2 protein chains.
Amino acid sequence: MHAASIEKLIESFEQLPGVGHKSAERIAFYILEQMSSERAAEMASSITEAKEKIKFCSQCQNLTDTDPCKICSSPKRDKSVICVVESPEDVNAIEATNEYSGVYHVLHGALSPMDGITPDDIKINELLLRLADGSVKEVIMATNPTVSGTATAVYISKLLAPFDVRVTRIAHGIPVGSDIEYADKVTLIKALEGRQAMN
Amino acid sequence: MHAASIEKLIESFEQLPGVGHKSAERIAFYILEQMSSERAAEMASSITEAKEKIKFCSQCQNLTDTDPCKICSSPKRDKSVICVVESPEDVNAIEATNEYSGVYHVLHGALSPMDGITPDDIKINELLLRLADGSVKEVIMATNPTVSGTATAVYISKLLAPFDVRVTRIAHGIPVGSDIEYADKVTLIKALEGRQAMN
């Protein structure tokens, strides 16, 4: 019943993650009724511009507008430690701590045979190539503590066994500030297993 | 921490209704990581194209790519009955019933002094102009049964008092298929007040 170009606009937004038909409709009408033509044009150009400029960093595979990315090209970062994460958002979360000075490797996904995501679908080969020259001393597996994240960490750690490199996994445990009473069993078991001396 | 064009993309989506910062980030990364360049370009052009082509119908003020819109220009529609609604989505909802053969008037909002929405901000003048030639026999107020929707219906019905036109309000009551036990008080009162003979 909508005009054809409204339908097309709704369909565009409907394909985005977390946007259902009703939300897409609301967004489309917001753009048509309330947004100025200038802002709508800006929005359209921000999509094409980002899509043109943003590429994968040839080293860490993170999204970037320079190659290598700012982190990989920074002389302050320790290139001998690589933190392996699933997504660019994870890089941001770790960068926000200001505590990590190594570099990253973004897999862009995690292994999930059920969803048809095999080792060839994520950037594992690119990680192996970075280990070729022997300068990397440690690979920190910071994939999510989910089934697929853990499977990915285990898979990669086995692949790295022949290399002379230390492979570590980020610690799982009770989140700081939360209550043991409300922790789930698996987290509690991990927290007990990972207990450390209090010196 | 994101590259500038990623930030711009996130900001674009953040301004949309129902899209917070996290969702905007997820959408932006979806566009950059998973969408093909062709589909991203299509999305961008669907925004600019819709914004260019879609205008307000000069008669009913609904969004349309032809003027007058399909409904206003249809010889099958009864121009003597105008159904007044708040938004284009409401027109769709009523059209989907296939039971209404009159025309519409889209106000694009409802009176809400608290939010600074006055009679000049919605398409009330345009409605009055449509009554000038005396061909309209009935105006059905189908604004939402909310405070602002009801206020708008009452306000317009007073404005229309001097005209020789019947002004009606859509019925409020218990939704079909639902349970009286769970109906809220106001709806129940409206349902009792609106009771009809069972003939």
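Which residues in helix H5 (residues 88-95) of chain A are buried? Select A:Pro88, A:Asp90, A:Val91, A:Asn92 and A:Glu95: these are the buried ones, where buried means under 20% relative accessible area, exposed over 50% and partly exposed in between, with a 1.4 Å probe and protein chains only. Helices (H or I, at least four residues) and strands (E, at least two) are DSSP runs numbered from the N terminus.

A word on ground rules: this is a predicted model, in which local features need pLDDT of at least 70 and side-chain atom pairs count only at pLDDT 80 or more, while totals for chains, interfaces and linings use all residues. Residues are numbered from 1 along each chain as its sequence is written, chains are lettered from A and ligands numbered from 1 in the order in which they are written, and side-chain values use heavy atoms, with hydrogens and water left out.

Stay on H5(A) and show what covers its buried residues: the cover includes strand E2 (63-64), helix H4 (70-73), strand E3 (78-85) and strand E4 (102-106) of chain A, together with H2 of chain B. Contact here means heavy atoms within 4.5 Å.

Next, pick helix H2 (residues 21-33) of chain A and helix H5 (residues 88-95) of chain B. They pack at an angle of about 130°, with axes 10 Å apart; that makes H2(A) oblique to H5(B). Axes are lines fitted to C-alpha atoms, for helices over the stretch in contact, and angles run from 0 to 180 degrees between N-to-C directions. Under 35 degrees counts as roughly parallel, over 145 as roughly antiparallel, 65 to 115 as roughly perpendicular and the rest as oblique. Show A:Glu25, A:Arg26, A:Phe29 and A:Glu33 against B:Pro88, B:Glu89 and B:Asn92 to see the contact.

Now over to H3 (residues 37-53) in both chains. The two helices pack at about 170° with axes 9 Å apart, which means H3(A) is roughly antiparallel to H3(B). Among the residues that meet are A:Ala40, A:Ala44 and A:Ile47 on one side and B:Ala40, B:Ala44 and B:Ile47 on the other.

Of its 44 residues, A:Phe13, A:Leu16, B:Phe13 and B:Leu16 touch the most other members. Centre on A:Leu16 and you'll find that it touches B:Phe13, B:Ile27, B:Tyr30, B:Ile31, B:Met35 and B:Met43, not counting residues up to four places away in sequence.

Last stop: two peptide bonds. A cis bond joins A:Asp67 and A:Pro68, with omega about 0°, and A:Pro68 sits in the loop between E2 and H4 of chain A. In chain B, the bond from B:Asp67 to B:Pro68 is cis too, with omega near -5°; look for B:Pro68 in the loop between strand E2 (63-64) and helix H4 (70-73).

Definitions and conventions: A nonpolar core is a set of buried Ala, Val, Leu, Ile, Met, Phe, Trp, Tyr and Cys residues joined through side-chain atoms within 4.5 Å.
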